Structures are given as C-alpha cells and as structure tokens.
Amino acid sequence: MTIKKHCRVGTRSSQLALWQTRHVIVELEKRFPETAFEVIEMSTKGDRILNQALSAIGDKGLFTRDLEDAMHSGAIDFAVHSLKDMPTLLPDGLGLTAMLSREDPRDALLAKNGITDIMDLPQQAIVGTSSLRRKAQLLALRPDLDIRDLRGNVQTRIRKFTEGPFHAAILASAGLKRMEMDEHIAAYLPTEQFIPAVGQGIVVVESRLDDEDMLEMLAQVNDRSAATCAQAERAFMRRLEGGCQVPIGALAHIKDNHLTVRGFLGRVDGSEVIIKEKQGLISDAEAVGTALAEDMLSGAGQSILAAIREE
C-alpha cells in the first residue's frame with residue numbers, strides 16, 4: 001500500500017455532516033499521521049430544496065449525487081455520509097468502503113409541556129417529521145395525530161419545533177447526541193415498535209473502487225460489526241426496493257456469532273403495518289436481510305407496496 005500524502009474529503013456543509021467528517025478524519029489520522037486531509041464542503045440537492053417533503057422530490061440520490069459526481073471527476077478522494085441517506089444502488093465504480101462504529105440507532109421524541117410518552121400527547125397533536133417511516137409508525141399507534149413535514153438540519157428542525165405549532169417532533173438520537181443536543185430528548189422510542197431507518201446511526205465512507213491505496217487506508221477504520229448489520233439491513237431494503245418514498249425500517253444486532261434483523265413495512269397512513277424478524281449467522285448477513293424481505297412479500301408486503309406505489 002502506498003500511503004497518500006494528501007486526501008480531499010467531500011462532505012455536506014451542515015454541522016452534523018462536518019462533525020461526521022471530522023470523526024472519520026480523526027480516526028484516519030491516528031493510523032496515518034503523515035497524511036494531510038482537506039475538507040471540501042458541498043451543497044446537495046436535498047440541502048437546496050427545503051420547501052418540499054423528501055418523498056415528494058422523488059430522487060434517490062438527494063444527499064449523495066453531487067458528492068458522487070465529485071468523486072467521479074477526481075475533485076475529491078472520498079465522501080462521508082450518513083448511511084441512512086444512501087440509496088441501495090450506487091453509481092458504477094463507487095462503493096461503501098468503510099463504516100464506523102454505530103451510534104444509538106433509536107428515534108427520539110421531542111415534546112413540549114413535559115410530555116415523555118407519545119400516548120400522552122393531546123388529541124390531534126401536531127407532530128413534526130420528514131420521514132414517511134416515522135409517519136406510518138406514529139399513525140399506527142395514534143391515528144389521530146396531525147403529522148406535518150419538518151425539514152432542515154438538526155438545529156433548524158429543533159428551532160422550527162420550538163418556535164412552531166408542534167406539540168412534538170421525532171429526530172434521530174444519533175444526530176442529537178453527536179451535536180450534543182440530547183438535552184432536547186424527552187424519550188427514546190423503543191426499537192421493538194419504532195424500528196429505525198436502515199443504517200441509522202452509522203457514518204459511512206464512499207470512495208472509488210479502483211483507488212486501491214485509498215481502499216486499504218479506509219479498511220483500517222472499518223467497524224466489522226456495523227458493516228455486517230448494515231449489509232443485512234440494506235439487503236432487506238434493496239429487496240423491497242425501498243427508499244424515502246416507502247415507509248421501511250430495519251435494525252440488525254449481533255450476539256455471539258448470530259445476527260437478528262427486525263424489519264418494518266407499512267402504509268403511509270399507518271392503517272397496515274408489518275413487523276417481522278429473522279435470524280442467521282453473521283456470515284450470511286445479506287441472505288438474512290433478503291430472506292426477511294421475502295417473508296414480508298409472501299404475506300401482506302406485496303399488497304402494501306402496490307398500494308404505496310399507486311398513491
């Protein structure tokens with residue numbers, strides 16, 4: 001391996017994205033102190049369009065394509081992302097080449113007036129989220145809730161929640177903790193019921209597959225446990241052909257040599273949801289995730305997906 005002397009690292013410009021990028025760089029610097037890392041900030045389509053719901057924009061590369069184009073052109077050597085923003089199909093020549101250890105994958109409840117339980121929210125309470133998955137899970141539990149779109153970076157969403165008409169909001173615990181804003185968390189939502197987004201809490205590096213020196217450097221910071229869980233979760237989502245337009249969630253965990261994956265699929269209005277679980281060996285992570293999706297498709301999953309695509 002030839003150790004690179006200078007690496008250009010692409011990232012979105014939000015405070016959370018920059019934190020994640022610095023986190024990756026710090027880990028690389030521990031192992032390659034002679035390498036200089038230059039941060040290249042970029043704005044993506046998802047950052048620029050804030051007046052529409054993510055599901056309405058209909059673009060699978062909302063937060064990634066601009067960075068991927070920069071990798072293809074050679075403007076950057078690798079990019080740092082939140083794994084939950086990554087489509088299951090990547091552009092030719094690019095791959096997810098390192099995953100760092102996972103932060104808390106749970107969703108968090110932010111609420112006013114001292115409320116710490118979704119069931120204690122008033123009737124027709126206004127809840128903010130930009131996620132169809134969270135909307136479906138909330139409405140399955142509380143069909144009376146008024147779910148409204150809440151877009152922007154972590155700081156913007158907290159401000160909108162605080163200053164706006166919202167009784168509550170749902171954000172990822174990982175982002176709040178990384179921004180040291182977890183004092184806003186009223187409660188952590190149990191993953192048995194509120195299954196998080198695929199890859200939630202995992203920082204991932206994407207790079208060119210033909211850059212062998214970069215691949216070897218990045219392998220030094222890869223967390224095998226996070227990568228194995230991500231492989232199963234993303235296989236589940238890939239088989240269901242899910243993205244931001246489909247309410248899908250999955251969470252894998254490892255105990256001893258075994259992997260357990262719990263998956264969620266539901267209609268946007270929460271009227272029909274499926275939660276299933278599958279176990280297998282960690283060496284079969286992708287097969288376990290795919291098998292879980294097949295279980296759902298053999299039941300009500302096919303009709304749920306068909307209904308979503310007709311909406």
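Reader: Where does arginine 133 sit?
Author: Arginine 133 is in helix α5, residues 132-141. Helices here are DSSP runs of H or I with at least four residues, strands are runs of E with at least two, and both are numbered from the N terminus. This is a predicted model, where local features need pLDDT of at least 70, side-chain atom pairs count only at pLDDT 80 or more, and totals for chains, interfaces and linings use all residues. Residues are numbered from 1 along each chain as its sequence is written, and side-chain values use heavy atoms, with hydrogens and water left out.

Reader: And is arginine 133 buried or exposed?
Author: Arginine 133 counts as buried, at 4% relative accessibility. The cut-offs are under 20% relative accessible area for buried, over 50% for exposed and partly exposed in between, with a 1.4 Å probe and protein chains only.

Reader: Which residues is arginine 133 in contact with?
Author: Leaving aside neighbours within four places in sequence, the contacts of arginine 133 include Asp107, Ile195, Gln200, Pro247 and Phe264. Contact means heavy atoms within 4.5 Å.

Reader: How many residues of β5 are buried?
Author: Five of the five residues of β5 (107-111) are buried, so the strand is largely enclosed by the rest of the structure.

Reader: Nice. What sheet order do the strands have?
Author: The order is β7-β6-β8-β5-β9, in an open sheet of five strands with mixed pairing. β7 (146-148) and β9 are at the edges with a single partner strand each, so one side of each has no neighbour in the sheet. Two strands pair if DSSP finds at least two bridges between them.

Reader: How do β5 and β8 pair?
Author: β5 and β8 (residues 168-172) are antiparallel, with five bridges. Alanine 108 is opposite leucine 171 of β8.

Reader: And how many bridges join β5 to β9?
Author: Two bridges join β5 to β9 (residues 187-188), and these strands run antiparallel. Leucine 109 has alanine 187 as its bridge partner in β9.

Reader: In what sense do β6 and β8 pair?
Author: β6 (residues 126-128) pairs with β8 in the parallel sense, over two bridges. Glycine 128 stands opposite alanine 169 in β8.

Reader: Changing topic: which residues touch the most other members in the largest nonpolar core?
Author: Those are Phe236, Leu240, Leu259, Val261 and Leu265, in a core of 23 residues. A nonpolar core is a set of buried Ala, Val, Leu, Ile, Met, Phe, Trp, Tyr and Cys residues joined through side-chain atoms within 4.5 Å.

Reader: Which elements give two or more residues to this core?
Author: They are α9 (224-240), β11 (248-255), β12 (258-266), α10 (285-298) and α11 (301-310). α10 gives the most, with six residues.

Reader: Can we look at α10 and valine 288? How far is valine 288 from valine 261?
Author: Valine 288, which is found in α10, is 27 residues from valine 261 in sequence and 7.5 Å from it in space, C-alpha to C-alpha. Valine 288 is buried, with a relative accessible area of 6%. Not counting residues up to four places away in sequence, valine 261 touches Val288, Leu292, Ala232 and Leu251, among others.

Reader: Which element gives the largest share of its lining?
Author: α9 does, with five residues. The lining includes Leu96, Met99, Asn222, Gln231, Arg234 and Glu286.

Reader: Last one: what is the phi of asparagine 113?
Author: Asparagine 113 has a positive phi of about 65° although it is not a glycine. Asparagine 113 is in the loop between β5 and β6 and is exposed, with a relative accessible area of 75%.

How values were computed: 1 Å grid on protein atoms, 1.4 Å probe; cavity = no way out; pocket = protein on both sides within 12 Å on 5 of 7 lines; lining within 4 Å.
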